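Subject: Structure handover

Hello,

Here is the structure I said I would pass on. My notes on what was found follow below it.

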Protein chains: 2
Amino acid sequence: MISIGDELLRGDTLNTNASWIAKKLSERGMDIYKILVIPDDVDEISSSIRESDEEIIIITGGLGPTPDDMTRKGVADAFGDVLVMREDLLDEMREVHEVTKDAEVMAQLPSKAVPLKNPVGSAPGFVIGDGNRMVFVLPGVPEEMKAMFDDVLRHLEKFGKKKHYVAYIKTAKPEASIASELNEFVRRFPSVKLGSYPKGEQVYIRLSSRDKSELERAVEWLKKQIE
Amino acid sequence: MISIGDELLRGDTLNTNASWIAKKLSERGMDIYKILVIPDDVDEISSSIRESDEEIIIITGGLGPTPDDMTRKGVADAFGDVLVMREDLLDEMREVHEVTKDAEVMAQLPSKAVPLKNPVGSAPGFVIGDGNRMVFVLPGVPEEMKAMFDDVLRHLEKFGKKKHYVAYIKTAKPEASIASELNEFVRRFPSVKLGSYPKGEQVYIRLSSRDKSELERAVEWLKKQIE
């Protein structure tokens with residue numbers, strides 16, 4: 001995932017988009033491997049895409065009409081593509097409200113891109129791909145991004161990744177006092193992934209596995225140890 | 001900045017640490033160039049540090065006592081260093097409360113690291129550097145991270161970067177309708193950085209420059225255009 005915007009790098013805006021998307025994917029058993037926040041800068045955008053190892057990249061931000069919005073150009077550069085004016089999108093935008101000369105830039109997409117409709121705002125999103133990777137590009141305004149995300153999910157679910165199962169155990173013991181049990185757990189259940197998260201006076205232990213019955217055995221064992 | 005934690009990549013936890021740190025630095029006229037969120041994975045941590053272009057990296061997360069906490073090892077690997085038990089830190093930890101065998105791991109730091117005290121929790125942070133870069137490592141628990149951040153600022157302020165000046169203009173006009181004025185602005189004031197952020201019914205325009213009087217001229221010009 002790549003979030004684009006100087007405002008995120010200054011801490012003026014909390015990156016709720018990344019978190020919201022991560023949760024949506026995680027709920028469907030899909031993992032995000034990396035979240036990257038970068039500035040509104042054409043070269044940063046294109047090199048971040050080119051240097052990524054991932055097959056699928058979701059980008060938010062920088063699709064507006066103002067001169068600080070560089071995402072369209074950055075993505076086009078990453079694919080060695082150019083921006084072209086999509087008259088069909090321009091017409092659709094004009095149906096909703098008046099489009100000034102400078103706002104027409106929002107209808108310029110990389111020539112190989114497939115547009116994603118934006119039902120609640122002006123800037124269309126798009127998908128662009130080649131043999132190596134597929135990049136989804138969505139606006140940064142949360143309401144617009146969310147309204148368009150079902151389209152992204154439909155595309156992603158075609159990849160049909162294997163689901164994983166999740167369980168949580170909560171304890172009021174401090175993390176340091178249960179570390180030996182957790183170490184024993186990791187040795188005993190190598191196929192179950194463990195995460196331990198202190199929040200306030202509680203520790204939340206998250207267990208996940210692709211093997212449902214192994215997860216159940218693991219949960220039972222650990223509960224017995226730390227109760 | 002590198003935030004470490006599977007919980008961030010699942011959207012279970014909002015990355016408020018990155019945002020808080022970005023704001024603190026931005027208020028002092030320092031810029032963050034990139035925020036990276038990666039999993040609790042030794043190789044990911046070490047390669048992310050090695051592949052970074054930045055001179056200064058701030059890391060949060062993964063310093064706890066449980067087996068999913070990999071940051072100490074990942075940072076040590078990045079510098080070709082090894083973890084050593086710091087008996088002095090262990091003694092300090094024992095003064096506050098009982099330290100179990102498994103929790104002793106929190107006192108293991110890279111041999112070249114300088115510890116940063118944690119006044120509100122167990123896990124010490126640290127700084128480690130070589131000729132190319134300096135890495136600050138802080139716990140992920142927000143109260144602990146915040147309590148230790150003044151130490152980081154003291155180190156950073158020695159670098160004495162040049163300050164920049166900031167101004168905001170707010171307008172109720174839609175972004176698309178002022179795009180031509182903003183384009184003209186960028187041509188007219190090339191040394192003033194512009195950001196345009198729609199929030200609800202308002203658009204916030206952020207202008208920043210290292211030249212205070214140029215910024216004042218720019219603000220005055222733009223206000224006149226969009227009023």
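In strand E2 of chain B, B:Val37 is the bridge partner of A:Ile35. That bridge belongs to an antiparallel pairing between strand E2 (residues 35–38) of chain A and E2(B), with 3 bridges in total. Strands pair here if DSSP finds at least two bridges between them. Helices (H or I, at least four residues) and strands (E, at least two) are DSSP runs, numbered from the N terminus.

On conventions: this is a predicted model, in which local features need pLDDT of at least 70 and side-chain atom pairs count only at pLDDT 80 or more, while totals for chains, interfaces and linings use all residues. Residues are numbered from 1 along each chain as its sequence is written, chains are lettered from A and ligands numbered from 1 in the order in which they are written, and side-chain values use heavy atoms, with hydrogens and water left out.

The interface

Chain B and chain A each put 51 residues into the contact (heavy atoms within 4.5 Å). About 4200 Å² is buried between chain B and chain A, and carbon and sulfur atoms give 55% of that area. Buried area is the accessible area (1.4 Å probe) that two parts lose on being put together, summed over both.

There are 6 salt bridges between the two chains (a side-chain nitrogen of Lys or Arg within 4 Å of a carboxyl oxygen of Asp or Glu). A salt bridge links the side chains of A:Lys193 and B:Asp6, at 3.1 Å from N to O. On the side of chain B that touches chain A, two or more residues each come from helix H1 (6–9), helix H2 (16–27), strand E2 (35–38), H7 and E10 of chain B. H7(B) gives the largest share, 8 residues.

The sheet in chain B

Strands E9, E11 and E10 of chain B form an open, antiparallel sheet of 3 strands in the order E9-E11-E10. Strand E9 (165–171) and strand E10 (193–199) each have a single partner strand, so one side of each is left without a neighbour in the sheet. From one strand to the next the twist averages 20 degrees.

E9(B) is joined to strand E11 (residues 202–209) of chain B by 7 bridges. Among them, B:Ala167 has B:Leu207 in E11(B) as its bridge partner.

Helix H7 (residues 175–188) of chain B lies across E9, E10 and E11, at about 175 degrees to E10(B). Axes are lines fitted to C-alpha atoms, for helices over the stretch in contact, and angles run from 0 to 180 degrees between N-to-C directions.

Regards
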